[in-house]
Amino acid sequence: MRIAIIGGKLQGVEACYLAQKASWQVLLIDKDEDIPARALCDEFVQCDVIKEDNKCLNILKESDVILPAMENLAALQTISRYAIQLGIPFVYDQGAYQVSGSKIISNQVFLSTGTPLPRLYPEGRLPWVVKPASSSGSAGVMKIKNEAEFKKLQEKPGFPEQWVVQEFVTGPSYSIEVIGFAGEYQVYQVTELEMDEQYDCKRVWAPSHLDQALVKEFNHIGLTLARHLNLQGIMDVEVILHDGQLKVLEIDARIPSQTPTVVYQSTGVNLVEILGQSFTQGKLQKISMEEQEYQGAVYEHIQVADKRLKVCGEHIMSAVGSLKLIPDFFGGSEGITNYSPGKKEWVATLINRGKTREEAWQKRCLVIERIMKEADITTYIDLSPEEE
């Protein structure tokens with residue numbers, strides 16, 4: 001199988017990593033040269049898919065399937081046109097993507113399907129969490145703690161039309177992936193998320209500690225939303241467990257970063273491989289998740305600088321140039337990093353697995369200890385939102 005992945009930032013890292021694990025030939029295309037996924041593919045071509053039609057068509061024509069790993073709507077529409085012209089399957093659902101790309105439209109879908117979500121303004125009470133309607137992940141998210149801060153927010157251009165205001169809820173966060181194809185749908189393993197002080201995901205766990213009854217409820221939520229959207233591709237759903245109830249925070253109808261790798265490490269289920277097989281064979285490649293043997297996996301991002309090691313959200317991985325995959329990284333399972341011996345400032349995504357979640361964590365702790373010892377690091381920082 002030869003897969004063309006469009007976009008080499010964090011989603012591209014995820015897609016290339018999993019495509020390589022499937023033993024596929026990986027072609028990566030991006031308009032920029034110095035990108036994180038550059039060294040994680042078999043072939044890289046620098047190309048602006050919007051402007052360089054003939055070059056892009058010529059590059060793509062030998063591919064079996066095309067997977068977008070970016071969120072530029074104009075580029076997605078252009079690649080869709082190329083895929084139709086070449087007769088190559090394109091793993092992209094425009095309708096679902098446009099719904100998930102707007103938090104306002106997503107909330108309307110949640111309300112119409114009876115999906116539980118945090119109360120929307122003016123219902124509920126302070127504190128509020130405020131999100132740009134069209135942003136992805138934690139970008140632009142603010143916490144409004146009092147009426148004075150809310151009054152300032154109301155003075156911002158585009159308020160309230162371009163903003164979503166919800167009651168701030170606390171609790172552990174979880175994610176689940178759903179794949180849909182030709183009217184069939186499947187949910188995969190629930191992963192557990194931890195955030196840094198800026199509400200960016202810093203660590204992902206599997207298996208999660210979510211109660212099985214709530215896992216079933218979460219599965220039902222994911223499948224209900226996928227069926228409502230007639231999903232043709234992949235979507236992830238993020239929830240928070242607040243006062244014993246799941247509350248949906250957002251959906252994203254595109255290849256996510258972080259969680260698919262953890263699902264793969266824990267279960268051996270490769271979501272990129274399932275997508276590629278489904279779109280090329282014309283039928284959803286179903287897997288019995290109940291028959292999978294779950295192992296422990298922990299995945300997190302670290303930043304080393306100024307004799308300190310800090311656990312950070314994934315944003316630190318996006319602007320450091322090309323990353324490489326290193327097996328047995330400081331004694332751990334794997335690392336995706338710009339590290340090289342003697343380098344004083346670097347970042348890494350640490351991937352560690354074990355027979356159990358606890359064993360994976362112990363392995364991770366040994367990796368941290370070894371890094372700190374070998375790099376002569378004196379300070380360890382691991383902040384959460386409540387520690388701001």
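## The second largest pocket

The second largest pocket in this predicted model has a volume of about 380 Å³. A pocket here is an open set of points on a 1 Å grid over the protein atoms alone, where a 1.4 Å probe fits, with protein on both sides within 12 Å along at least five of seven lines. Grid points are joined across faces, edges and corners, and the volume is the space filled by probe spheres set on the points.

Its lining consists of 17 residues, a lining residue being one with an atom within 4 Å of a point. Nearest the centre of this pocket lie Q212, V215, N219, M289 and Y294. Helix α7 (212-229) and strand β9 (184-187) each supply at least two lining residues, and α7 gives the most, with four. Helices (H or I, at least four residues) and strands (E, at least two) are DSSP runs, numbered from the N terminus. By class, the lining has nine nonpolar, six polar and two charged residues. Ala, Val, Leu, Ile, Met, Phe, Trp, Tyr, Cys and Pro count as nonpolar, Asp, Glu, Lys and Arg as charged, and the others, Gly among them, as polar.

## How to read the numbers

Residues are numbered from 1 along each chain as its sequence is written. The model is predicted, so local features need pLDDT of at least 70 and side-chain atom pairs count only at pLDDT 80 or more, while totals for chains, interfaces and linings use all residues; side-chain values use heavy atoms, with hydrogens and water left out.

## Two pairs of packed helices

Two packed helices are described by the angle between their axes and the distance between the axes. Axes are lines fitted to C-alpha atoms, for helices over the stretch in contact, and angles run from 0 to 180 degrees between N-to-C directions. Angles under 35 degrees count as roughly parallel, over 145 as roughly antiparallel, 65 to 115 as roughly perpendicular and the rest as oblique.

Let's start with helix α1 (residues 10-21) and helix α8 (residues 259-267), whose axes come within 9 Å and cross at roughly 25°. That makes the two helices roughly parallel. On the α1 side, E14, Y17, L18 and K21 make the contact (heavy atoms within 4.5 Å), and they meet T259, P260, T261, Y264 and Q265 in α8. This contact has four nonpolar, three polar and two charged residues.

Next come α5 and α7, which pack at an angle of about 110° with their axes 11 Å apart. They are therefore roughly perpendicular to each other. V109, F110, S112 and T113 of α5 make this contact with T224, L225 and H228 of α7. Its residues divide into three nonpolar, four polar and no charged.

## The sheets and a hairpin

Four strands form an open sheet in the order β3-β2-β1-β4, with parallel pairing; two strands pair if DSSP finds at least two bridges between them. At the edges stand β3 (43-46) and β4 (65-68), each with a single partner strand, so one side of each has no neighbour in the sheet. Neighbouring strands here are turned by 20° against each other on average, direction ignored. Strand β2 (residues 25-30) is joined to β3 by four bridges, and D30 stands opposite Q46 in β3.

Another open sheet has three strands in the order β6-β5-β7, and its pairing is antiparallel. Its edges are β6 (142-144) and β7 (163-167), each with a single partner, so one side of each is left without a neighbour in the sheet. Strand β5 (residues 128-132) pairs with β6 over three bridges, and V129 stands opposite K143 in β6. Helix α5 (residues 103-113) lies across β5 and β7, at about 45° to β7. Helix α6 (residues 147-154) lies across β5, β6 and β7, at about 130° to β6.

Finally, β8 and β9 form a hairpin with two residues between them. Strand β8 (residues 173-181) and β9 pair in the antiparallel sense over four bridges, with I179 opposite Q186 in β9.

## Backbone details worth a look

Most residues other than glycine have a negative phi, and most peptide bonds are trans. Here are some exceptions. A182, in the turn of the hairpin, has a positive phi of about 50°. S23 has a positive phi near 65° and sits in the loop between α1 and β2.

A cis peptide bond joins L126 and P127, with omega about 0°; P127 is found in the loop between α5 and β5. The bond from A206 to P207 is also cis, with omega near -10°, and P207 lies in the loop between β11 (201-206) and α7.
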